[in-house]
Every structure is written in structure tokens, then in C-alpha cells.
Amino acid sequence: CSGNQCQSVAEVEDFLMSCAAVLDVRMRNVLLCMLGFFLLSSLLNGHADAGIVGREMEVSREGVYHHRREKGGPALCPGPKRGVSIQRTVPIKPSLIQEPNRSQIFKGETVTLTCEIQGGGGTQWTYKWIKNKLDYYPASSEYRIIGATKAHSGEYSCRGKGDNVLTEWSNVINITVSEAVLSASPSWLSPGASVTLSCEVRPQSAGWRFFWYKAVPKPSKRYQPSYSFELLPGSTNGTEQNSYIIHGPTHTAGYVCRAEGEEPGFDTLYSELKFVWSADPHPAASLSVSPDRVQHFSSDSMSLSCKGNSTEWRLRRFRRKGYLADFSCSLRRENAGATCTFVRDWYHSGVFWCESESGEFSNAVNITVQSRS
């Protein structure tokens with residue numbers, strides 16, 4: 001059928017059977033079945049639009065098509081007899097509506113996309129969605145994003161699906177989720193050094209004012225650490241510059257930033273918490289390690305002790321991959337302190353420090369744990 005159009009389904013079958021001689025016996029039926037339905041769409045193309053979109057064949061003659069064979073002939077499609085649904089595309093273009101109606105969305109916001117179809121003569125529609133030209137899971141006319149993140153950025157479109165009919169694809173809505181990203185340099189303090197905080201709104205854009213905060217530990221349930229945030233000096237009304245210098249800090253501390261735009265409602269959530277660590281062994285709260293060395297082995301015992309003007313402590317760890325969490329160790333209370341002891345077979349490398357319920361940070365200790373060779 002390369003030069004002239006096939007005139008009948010019979011010609012299609014003749015062509016398929018001639019191909020069978022050169023196809024591997026194990027794959028023959030499956031391949032011929034696939035090729036048969038592809039040629040069927042080509043046959044129908046002489047009378048109407050035909051094509052394959054995603055996993056569906058679209059033609060203007062809707063219905064369910066089956067392969068057929070001559071009496072006694074081989075079955076092209078193995079397994080139970082199945083039909084292929086051929087769906088007609090009708091000239092109806094849905095409207096995709098977004099609320100809030102702006103292209104820039106901020107991390108944590110709720111966004112609602114609604115697919116509206118006008119016409120169709122009472123057709124009961126189900127809905128198909130794509131994001132960045134790939135199938136997306138919602139089947140209803142509404143898709144709601146709760147707590148938007150960077151992963152929700154992309155181009156969205158929808159269409160309706162009825163009994164053997166499909167609408168056209170809707171208009172495309174492009175969503176960009178913006179967030180504030182904080183960096184701190186240096187991350188380890190040295191005597192007399194200043195720390196520079198930098199806040200960036202991603203994707204980058206202009207017209208922002210930046211607000212800078214210090215994190216203060218709050219009492220919380222175990223493994224669910226929480227903080228309140230206090231504005232740093234000179235940050236009450238925000239700064240036009242996206243950097244902030246802290247002169248001569250001496251203690252471990254956590255910081256966040258946020259940004260406000262010129263238009264109402266254009267403001268980001270707090271950035272992720274960024275820590276600056278101090279190795280000073282004599283702060284108001286202190287963390288000590290026994291044995292006192294940087295390199296440890298998983299087969300040895302080790303103790304971490306928090307001490308200071310508090311009776312409630314939590315031990316924190318910052319992993320190499322940037323994950324921040326309470327450390328899963330029962331802190332044994334002592335006079336104005338607590339001790340966490342590891343016996344054997346633990347592999348918890350990272351930066352450790354203590355936080356008290358009264359808002360104190362201890363010095364930080366960088367610990368590397370390895371197995372003995």
C-alpha cells in the first residue's frame with residue numbers, strides 16, 4: 001500500500017500476511033495486530049482526518065473496530081477478541097481557567113484550574129489533562145494545587161471525552177511557582193568574621209523588598225522541631241538589596257528570608273532555614289563529644305552531651321545532602337543538660353548541635369563516621 005491507497009480492509013489483510021513470512025514467529029501476531037490498526041487508520045484517512053495522539057486513534061468515523069480474518073486463517077491479534085475505540089474529534093475547544101489569574105504563583109499557594117466545555121448537546125464529559133505534553137492524572141473538570149511547589153511549574157491543558165468523541169485541546173496555561181532561596185557565606189564562623197546572607201526569588205525577577213529573620217527554637221513534640229522567626233535589625237520595612245550582612249556573630253544560628261513584591265499579594269513564604277555554625281566550645285549552651293575527635297568508627301561507642309541553662313534539649317543533625325532533622329536518640333537528662341550515647345553500628349555523619357526550649361543554640365560539631373576496613 002505504499003504507492004496507492006488500500007481500497008478495502010481485505011487488501012490490508014493481504015499486505016499483512018505477506019509481511020508474516022519475514023517476521024519472527026514469536027512476535028508475528030503482536031506486530032501484525034499493531035500494524036493492522038495503524039493501516040486501518042490510514043485507510044480511513046482517505047475520508048477524514050486520522051492520526052494517533054497519545055494512546056488513542058482519532059478519526060472522524062467514531063465507533064469500535066475489530067480485526068477480521070478469513071475462515072480458517074490465522075488470528076492476527078492473539079488473546080481474547082478485542083476492539084479498538086475510534087473516537088471522533090468534535091470542533092469544541094474547552095476554556096481552561098485559572099484562579100488566582102496570574103502566571104506567577106508563590107510557593108505554598110493554592111491554585112485551581114477549571115476546564116469548561118460549552119456545547120456538546122448534553123454529552124456527559126469526562127476530562128483528560130496534560131502537563132508539559134504528558135498525561136496528568138485528574139479526571140474531573142477541576143484540578144486543585146494545594147501548597148504549590150517548584151514541581152507544579154509547567155504548561156497545563158485539558159480536553160473533554162464523551163462516548164466515542166473527543167473535544168479539541170483547551171488553551172494552554174503556563175504556571176511558574178516562585179520561591180525565596182537563602183544562602184549564607186561562610187557557613188562556619190571564624191573569630192571576628194562577618195556573615196553575608198543572600199536572598200533570591202526564583203525564577204529571577206525585579207521589584208522585590210527583602211525581609212531577614214533569625215530562627216528561635218520553640219518547644220515542640222519530639223521529631224517535630226519548630227521555630228519562630230524574629231526580624232533582624234534594620235529589616236522591619238524590608239531592604240531593596242537582596243543581601244544582608246551580620247557583623248561578628250559568635251554563636252550557631254539559623255536564618256530565613258522572604259520577599260514582598262510591588263503588587264498586593266505578591267509575597268513569598270519564608271525560605272528554607274539556613275544555618276551558620278560556630279565551633280566555639282564555650283557558648284551559653286554547649287555540645288561536647290566523647291571521645292573528642294572528628295573521625296569516628298561505627299564499631300565504637302560515642303556520647304554527645306548538651307549542657308547549659310536549660311533542662312529540655314533536642315539534638316539536631318544536618319546531613320551531607322542538606323536534610324535537617326531531630327536526631328533519633330533518647331536524651332538522658334542530667335543536671336542542666338542531657339546526654340545521648342551511641343553504642344555500636346551507627347553511621348550518622350553530619351553537623352550536630354543542641355537546641356534548648358529557652359531558645360539557645362550550642363556550638364556545632366562536624367562528625368564523620370566510617371566503618372573500620
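Cys257 is buried, at 0% relative accessibility, where buried means under 20% relative accessible area, exposed over 50% and partly exposed in between, with a 1.4 Å probe and protein chains only. Its partner is Cys199, and the disulfide between them has an S to S distance of 2.1 Å. A disulfide here is a pair of cysteine sulfur atoms within 2.5 Å. Cys199 is buried too, at 1% relative accessibility. The torsion about the S-S bond of Cys199 and Cys257 is about 70°, so this disulfide is right-handed. Cys199 sits in strand S15 (residues 195–202) and Cys257 in strand S19 (residues 253–260), so the bond ties together parts 58 residues apart in sequence. Helices (H or I, at least four residues) and strands (E, at least two) are DSSP runs, numbered from the N terminus.

Before I go on, a word on the source. This is a predicted model, in which local features need pLDDT of at least 70 and side-chain atom pairs count only at pLDDT 80 or more, while totals for chains, interfaces and linings use all residues. Residues are numbered from 1 along each chain as its sequence is written, and side-chain values use heavy atoms, with hydrogens and water left out.

Back to the cysteines. How many disulfides does the structure hold? There are 3 disulfides. Another one pairs Cys115 with Cys158, with the sulfur atoms 2.0 Å apart. It links distant parts of the chain, from Cys115 in strand S8 (residues 111–116) to Cys158 in strand S12 (residues 154–161), 43 residues apart. The torsion about the S-S bond of Cys115 and Cys158 is about 90°, so that disulfide is right-handed. Cys115 is buried at 3% relative accessible area, and Cys158 is buried at 0%.

Then there is Cys306 with Cys354, whose sulfur atoms are 1.9 Å apart. Cys306 is in strand S23 (residues 302–307) and Cys354 in strand S28 (residues 350–356), so this pair ties together parts that are 48 residues apart in sequence. Which hand does the disulfide of Cys306 and Cys354 have? The torsion about its S-S bond is about -70°, so the disulfide is left-handed. Cys306 is buried, at 0% relative accessibility, and Cys354 is buried with a relative accessible area of 0%.

Next, the overall numbers. The secondary structure comes to 2 helices and 29 strands. Of the 373 residues, 41% count as buried. Among contacts with a separation of 6 or more, 62% are between residues 24 or more positions apart, where contact means heavy atoms within 4.5 Å.

Now the packing. In soluble globular proteins, nonpolar side chains tend to be buried together. A nonpolar core is a set of buried Ala, Val, Leu, Ile, Met, Phe, Trp, Tyr and Cys residues joined through side-chain atoms within 4.5 Å. The largest one has 21 residues, and Leu197, Phe210, Trp212, Leu232, Ile246 and Tyr255 have the most contacts inside it. Strand S14 (173–185), S15, strand S16 (209–218), strand S18 (243–246) and S19 each give two or more residues to this core. Apart from it lies another core, of 20 residues, among them Ile145, Ala148, Val165 and Ile173.

Ile246, leaving aside neighbours within four places in sequence, is in contact with Ser194, Val195, Leu197, Leu232 and Tyr255. Ile245 is also placed in strand S18. Is Ile245 buried or partly exposed? At 44% relative accessibility, Ile245 counts as partly exposed. Not counting residues up to four places away, Ile245 touches Ser194, Val195 and Thr196. Its C-alpha atom is separated by 9.7 Å from that of Ala184, 61 residues apart along the chain.

Last, some backbone details. Most residues other than glycine have a negative phi, and most peptide bonds are trans. Here a cis peptide bond joins Ser185 and Pro186, with omega about -5°, and Pro186 lies in the loop between S14 and S15. Another cis bond joins Ser290 and Pro291, with omega about 0°. Pro291 is in the loop between strand S21 (286–290) and strand S22 (295–297). Asn132 has a positive phi of about 50° and is partly exposed at 40% relative accessible area. For Asn164, phi is near 60°, and the residue is found in the loop between S12 and strand S13 (165–166).
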